[in-house]
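Biologist: I would like to learn how to read helix packing and charge pairs in a model. Could you take me through one, feature by feature?

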Amino acid sequence: MNNREDLLVKVEKIPLSTFMPGYKFPTKYTHAIVTYPPGEKKGRIVNFCSEDYTLVPNKDIMNRVEEGLNGAFDIDAKYIHKGYAKFYMDYTIKNNTRKVQKGDIVGVKVRIQNSYDGRLRFGYSHGLSRLVCTNGMTSLEQGKNVTTMHTPQIINKDMIATLIDETEARLKSLPELLKPYEKLIQTKFPMSEAEIIKRMETIAEDTNYPKRQIPDAATIALAEAKQLRVEMTDWLIYQGMNNILNHSTDFAMEWHKREQVDAEIVQKFLNP
């Protein structure tokens, strides 16, 4: 995870003529999006755009979203960036959480996304998040995943009101959202690293899950069982695999791809 300040990196929309005065560019791209990561003397060109493109800095999004969410809920914020070009803001709602087993609490999460490189549209979605380890698990039904192009009105009162209404609806439906996972909690396994790895390998078959990360995922599952003082279950085995997808930087995979892989392995757990 990153700091909030990392997402507030300076960004500018600069005419290409600034870099090459007098040159007539043969494309519709007339400007560059430039970020200035901390510690770097020169900026990074992360995207090219037309004069009409509206640059929406993360600061504008975060301030308005966080003001709205803080006014309605008790939230815990986590921030992720990829090369100071793609950004994710995760807000776990600490109201109306549910205990799925001893010491294991799950709440609703709001994810906001934005990018300066044009590869990720601004948008938001809802998921589930475990408070026990801030794991950030993803629910089976993502709900309404809203994305939109950058415009001057990208964040307005109506959008914030809709976001709050949809979050309240997710909070009310949290028991139903967790029902599919009850099967995982009821499926017991020996407290054996070899057996856990074998189970993870079976789940990972025919998916894009990073197979080399399975031993680390098994270690996480064992550590959580000991921390919570509970039996080993498919729930904890899934959480070990999910933890790798949410937190590990030891393998190259875009964050939206990680969410897709997470959905794949959930279905393998529920429909072997």
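Biologist: Where does Lys183 lie?

Modeller: Lys183 lies in helix 5 (residues 182–186). Helices here are DSSP runs of H or I with at least four residues, strands are runs of E with at least two, and both are numbered from the N terminus. This is a predicted model: local features need pLDDT of at least 70, side-chain atom pairs count only at pLDDT 80 or more, and totals for chains, interfaces and linings use all residues. Residues are numbered from 1 along each chain as its sequence is written, and side-chain values use heavy atoms, with hydrogens and water left out.

Biologist: Which residues does Lys183 touch?

Modeller: Contact means heavy atoms within 4.5 Å. Leaving out residues up to four places away in sequence, Lys183 touches Phe269, Leu270 and Pro272. Lys183 and Thr233 are 50 residues apart along the chain, and their C-alpha atoms are separated by 9.7 Å.

Biologist: How do helix 6 and helix 9 pack?

Modeller: Start with the axes. They are lines fitted to C-alpha atoms, for helices over the stretch in contact, and angles run from 0 to 180 degrees between N-to-C directions. Helix 6 (residues 193–204) packs against helix 9 at about 110°, with axes 9 Å apart. Under 35 degrees counts as roughly parallel, over 145 as roughly antiparallel, 65 to 115 as roughly perpendicular, and the rest as oblique. Helix 6 is therefore roughly perpendicular to helix 9.

Biologist: Which residues of helix 6 and helix 9 meet?

Modeller: Arg199, Thr202 and Ile203 in helix 6 meet Ile265, Lys268 and Phe269 in helix 9. By class, that contact has 3 nonpolar, 1 polar and 2 charged residues. For the classes, Ala, Val, Leu, Ile, Met, Phe, Trp, Tyr, Cys and Pro are nonpolar, Asp, Glu, Lys and Arg are charged, and the others, Gly among them, are polar.

Biologist: And how do helix 8 and helix 9 pack?

Modeller: Helix 8 (residues 234–247) and helix 9 (residues 255–270) pack at about 165°, with axes 10 Å apart. They are therefore roughly antiparallel. The contact includes Ile237, Met241 and Leu245 of helix 8, and Val261, Ile265 and Phe269 of helix 9. By class, it has 10 nonpolar, 2 polar and 3 charged residues.

Biologist: Now the charges. How many salt bridges does the structure hold?

Modeller: Side chains of opposite charge can pair when their charged atoms come close. A salt bridge needs a side-chain nitrogen of Lys or Arg within 4 Å of a carboxyl oxygen of Asp or Glu. The structure holds 13.

Biologist: Where do Asp104 and Arg130 sit in the chain?

Modeller: Their side chains meet in a salt bridge at 2.9 Å, N to O. The pair links distant parts of the chain: Asp104 is in strand 7 (residues 104–115) and Arg130 in strand 8 (residues 122–130), 26 residues apart. Both Asp104 and Arg130 are buried.

Biologist: What about Asp76 and Lys78?

Modeller: Their side chains meet in a salt bridge at 3.9 Å, N to O. Asp76 is partly exposed at 26%, and Lys78 is partly exposed at 31%.

Biologist: Which residues are linked in a network of salt bridges?

Modeller: Asp90, Arg111 and Glu259.

Note on methods: Buried means under 20% relative accessible area, exposed over 50%, partly exposed in between (1.4 Å probe, protein chains only).
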